[in-house]
Amino acid sequence: MQKGFRGLGAVGVVLAVALGISACGGSSSSSSSGSPAQGRNGGEATVLMGTAPDFLDPGLAYTTQGAAADWITYTPLLTYRHAGGKQGGEIIPGLATALPSISKDGKTYTFQLRKGLTYSNGQPVKAGDLEYTIRRSIKVNWGGKSFFTNYIVGAAAVDSGKAQKISGITADDATGKITIKLIKAYGAFTNVIAFPAAGLVPTGTKFTNLSNSPPPGVGPYMITAVQPNRTFTMVKNPKWASFAIPDVPEGHLQKITITINSNTQAEAQQVLNNQADVFDPGDTLPPALLGQIRSTAQNRFAPVTIPSTFYFFMNTRLKPFNNVKVRQAVNYALDKRAMARLASGFLKPECNFLPEGIVGHPTSCPYGDPNGAPDINKAKQLVQQSGLAGTPITVWGEMRSPRKEYVDYYTDVLNKLGFKATPKIISDSTYFPTIGNEKTKAQTGFADWIQDFPNPSDFYLLLDGTAIQATNNQNFSYVNDPKIQTELAKLNPVPTSQLNSVASQWQKLDEYTTSQAYEAVYGSEQVPKFQSNRMNFAASTIHPLYLDDWLNLSLK
Amino acid sequence: MAIDPTASGNELSLELPGAIPRSGPSEEPPPAGIGPYRLALRRLRRNRAALAFGALFLVIALMCLAAPWYAKHVAHTGPNVNHITDTVKVGGKTENVVSIDGNPIGPTWQGKFFLGADANGRDIAVRLLYGGRNSLEIGLIATLITMILATVIGTLAGYLRGPVDGVLSRVLDLIWAYPVVLLAVALGTSLALGGIDLGLFQLKGNSLLVPALIIGVVYIPYAAKPIRGQVLSLREKEFIDAARAQGASALRIMTTEVLPNLASTLIVFVPLIIANAILLEAGLSYLGAGVQDPNPSWGTMISNGIPRISTALHLTLVPGIMLVLAVLGINVFGDGVRDALDPRAEVRIEH
Amino acid sequence: MGRFVVRRLASTIVVLFAISVLTFLIFQAIPNGKPEDRLAGRTSTPETRAAVRKSWGFDKPIYDQYAITMRKVFTGDVISYTQQVNVEDEIRRDLPATLSLAIGAGIIWLLLGIAFGLFSAMRAGRFTDRALTVLSLIGVSTPVFLIGAVLLYVLAFKLSIFPNTGYVPLTKDPLDWLDHMILPWIALSVLFIGFYSRVLRSSILDTMNEDFVRTARAKGLSERRVLVRHVLRNSMIPIISLWGLDFAAVIGGAAILTESVFNLQGVGQYAAQSVQALDVPPVLVITMFGAFVVVLLSAAVDVIYALLDPRIRLSG
């Protein structure tokens, strides 16, 4: 019931960092980074999922569970490398022959579709299918469709029903040339084209939710035998190998059965006893079994850090957080070691907004070592200087574990600092709409960001003053800082491929954000990589964006 | 339309076989010189088991009332104070309150963390007592709500009959046919988010009154239907006719003639509904729609404990045993009261 | 009789209508519970939300939305918000698990309830009676999810005798199905056994004092014959009718807690999940379905009750 589907918003997750190994003390092999490797071909395996995919229909899937199945079934023009760690965040050509050529003003993208492609039902792939696919995602209301409607010329008109087709996408079925025109330059647009929602489906596919019998796609696997909320099966697409797409190999396993069971304890037990093969990295390992897993299954278990930011927002428009001293006091007072224990160790303490693995991540922390004891005295002193002690505070939180526990702890910290704090825990499904509503006047509470693609600008959307809106607001702290705005204006249009050239500017910006204590960041999430002893653990990878990478699963 | 009180579409006469006392204590010829209630008291006093379990419930209630004292002088911590990175000395050894893996310490059998800690390093014993206060409070308030509303509805419907009865009975049918737990969860989830705001009457979402109100409403038909049935038969009695003949108003007859004759039925219902209200609160909390943070309750403590049952059994068992003891205490006592008042009535509630 | 049926039918329709309206309103009242905010996603723009509102018809007046939804309930076209699947298909898929639970547990609690009650009554006042009374009282005093969790911990987790939660269809593997159902059956039955045995016990003791039993005894019939032929037959009436109603309630999704603890993925668990996700359409359909089953069976029970018990006449 309260298991982990990653944020409603982000196709959960993103970019990479080969932290898996360092985080678990070097006990396991060098698995999560590097090349897909040397698995045995053939055989079957069972993957357990604690949370059902939101949708299997590629036009609608928006959680990692949905994307896990779709990104190897519906290959977009561009996709991500099938590798763990940093390499997994790299954009590679999928159904396109190469990365697109981008016009100088950054507003025109030209792709060349590979020749001889067919869908799994034998129908030939046409260049015109891209427009249809994107139009379909918009029309069935994909959760991330604003990525299309905000940038592609004519997409918004289709959304509102004013146009029949997206005027900004043109294609030549004969030559396979596809041109996409953008409203404004957007550095991360190649990442948008790599969403599974842009994974091609045949023109004429119905504009309804086809999750129960997913449409044909072009990919290494096909989704079959769907029983919603219970099970579905991935089988190899026999046609894939003949397309010979260099960086998207065919998978090793002939058949992968995905079984959904919300009881993660039962799941973990099955994997531990080798009755099932893969524990879904999108789920939380039950703390009850951790000790046993760490001791008896150490060669097939590893926590992997994913680039994500977990933080408490502090509404800069409301008392007491309109005072920078109070916000700094919170940053001094949070004991991140305590929070890591609440997460059963699956939290890597941090204090900066840009997480490790994202360009611009600062390496130092002005509030003391995140892995050390907090400075409560300094914090109390700051609160005293602010003169705001005794202010009543409502701390908002989500129901699911350990987020509720985080908020309970944070409330206690605020009370220790002299505030009158009470937690308010509400159901997961209304949490973000509620705190994102201006009328709620949420003072402070839980927030997280697991990004949509490997780009610091995706994180800074949450601190962008121009992004503040009355409902579904994501800038929960209501940060509107002229310094941040000037920097963002310069940094946001930089294309993903040139990010490294502006790394130091991003770092300075993030250090400034931390010094202003706009948020109280406490760490990055870690996910479990945990498999049965039948599996080739070393060869499998945790993908930084989609977590699951079933292409790299193989038997020993 | 003649209404036969024992059948005639009254689901509850079936649901509660014999809940309508076919021969209430007021009708039994009492032994010479002894009133029905004194007789009942005498019977109850002879029922040792009922008294013992009643005492058990009372002891638990008193312990819970002493929660602040225990927190201050024995445990030296509050119900919501976290001790995640603290250590505690047990038998000379220093131990983490919460391990690096997030597993809380079990019972230490000493002042601090007598019954262990929870994942947030909070003292279970302290939370158990504070949680008990909340659980019992909800049980009592819910029962009060149920009894008042059920009595009003049952008496009005039974005495006035006709259209009033028709409307009220349909309302009862509605609440009754609505799947109880589902209704409570739906209400609990929505009210926990927004609270209730009816102008003069405002409730915050995390107020204890929210689950109390929901539980109170859910149980109304279980009490109101038998009451209605009893009033239906009472109104045909001679003494009511006599009062009517003297020109007494309906309201007056209901309050001075009918109500006193309902007393034994009401008394029988009270412990039963308290017990079931405590159980329903636990069920609601398990589904996330019961008592809201920061208030602990036995139900929330159990449901927080279940995911960790295999490494920290005390998180589930401690509040679980306490809850069963309290409910058992009041159930056995309630049984004794019922036997004493009317050995033949059988009442039930589903949870 | 005919008039009775018509009247019951009419009141059933009224109750079902009111339940649907109530359910609809409960979820309308939730602040920030607007489905379009959730459907459109966490980072949606106002335009997206407006489009969602329009395409799902959330911009229409509430009574229109209600009417449209109800029409779909009857044509079987209700689509859920969160997964956008046909709700009735989902319920049909969940029903086998719920039926397995209801039928298995129903048989257990009926048989054991009768056995315990009978035994208790025959030994009234003696030690066995008291012991059974205490046991049944503990049974009715323990929350079903606590029993379930402890059973799972001891028998599934520690001793590995039973599988740790889940449901396997009967058609797939009957033995595995049985293996998965035993613990849920026990957990759900405990409460009912406790209650039924107490009802039966007092009902038997009551009947023993009735005139017709005294007559039978006076005629010199054996005690056993009196008990079986006269007493038990009469005392069973309330038990059977209770059973009908409880059975109906469990099928209608009332076993939410049991289904959740054991992760049976039945109707009740679907309801609980939908409530938590504020997914109104499934909640609406399941409450209507549940209420319908309950009301229908209670009417049936009334009729059977009247046929069995000559003291009751159905007045119309």
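Predicted model: local features only at pLDDT ≥ 70, side-chain atom pairs only at ≥ 80, totals over all residues.
Let me start with the overall picture. Chain A has 17 helices and 18 strands, and its radius of gyration is 23 Å, close to the 24 Å that the globule rule gives for 556 residues, so the chain is as compact as a globular protein of that length. Taken along the principal axes, the C-alpha atoms of chain A fill a box of roughly 70 × 55 × 40 Å. Of the 556 residues, 64% count as buried, and if we take the contacts in chain A with a separation of 6 or more, residues 24 or more positions apart account for 73% of them.

Nine of its nine residues are buried, so H8(A) is largely enclosed by the rest of the structure; among them are A:Thr264, A:Glu267 and A:Val271. What do these buried residues pack against? They pack against strand S1 (44-49), strand S11 (278-279), helix H9 and strand S18 (519-531), each of them in chain A. Just after H8(A) comes A:Asn274, which takes a positive phi of about 65 degrees.

Two packed helices are described by the angle between their axes and the distance between the axes. On the H8(A) side the contact is made by A:Gln265, A:Ala268, A:Gln269 and A:Leu272, which meet A:Ala288, A:Leu289, A:Gln292 and A:Ile293 in H9(A). The residues of this contact divide into five nonpolar, three polar and no charged.

Next, the backbone. A cis peptide bond joins A:Lys319 and A:Pro320, with omega about -5 degrees, and A:Pro320 is found in the loop between strand S13 (308-314) and helix H10 (324-333). A cis peptide bond also joins A:Ser401 and A:Pro402, with omega about 0 degrees, and here the proline lies in the loop between strand S15 (392-398) and helix H13 (403-416).

As for positive phi, the value for A:Lys441 is near 50 degrees, and this residue is found in the loop between helix H14 (428-435) and strand S17 (444-450). Phi of A:Ala517 is also near 50 degrees, in the loop between helix H17 (503-516) and S18. Is each of them buried or exposed? A:Lys441 has 11 C-beta neighbours inside 10 Å and so counts as exposed, whereas A:Ala517 has 25 and so counts as buried.

Finally, the contact between chains A and C takes 37 residues from chain A and 29 residues from chain C. On the side of chain C, helix H2 (35-39), helix H3 (46-56) and helix H12 (267-276) each supply at least two residues, and the largest share, five residues, comes from H3(C). The residues of that side divide into eight nonpolar, 17 polar and four charged.

Note on methods
Residues numbered from 1 in each chain as written. Chains lettered and ligands numbered in written order. Contact = placed C-beta atoms within 7 Å. Helix = DSSP H or I, 4+ residues; strand = E, 2+ residues; numbered from the N terminus. Nonpolar A, V, L, I, M, F, W, Y, C, P; charged D, E, K, R; others polar. Rg over C-alpha atoms; globule rule 2.2 N^0.38 Å. Buried ≥ 20, exposed ≤ 12 C-beta atoms within 10 Å, placed from the backbone.
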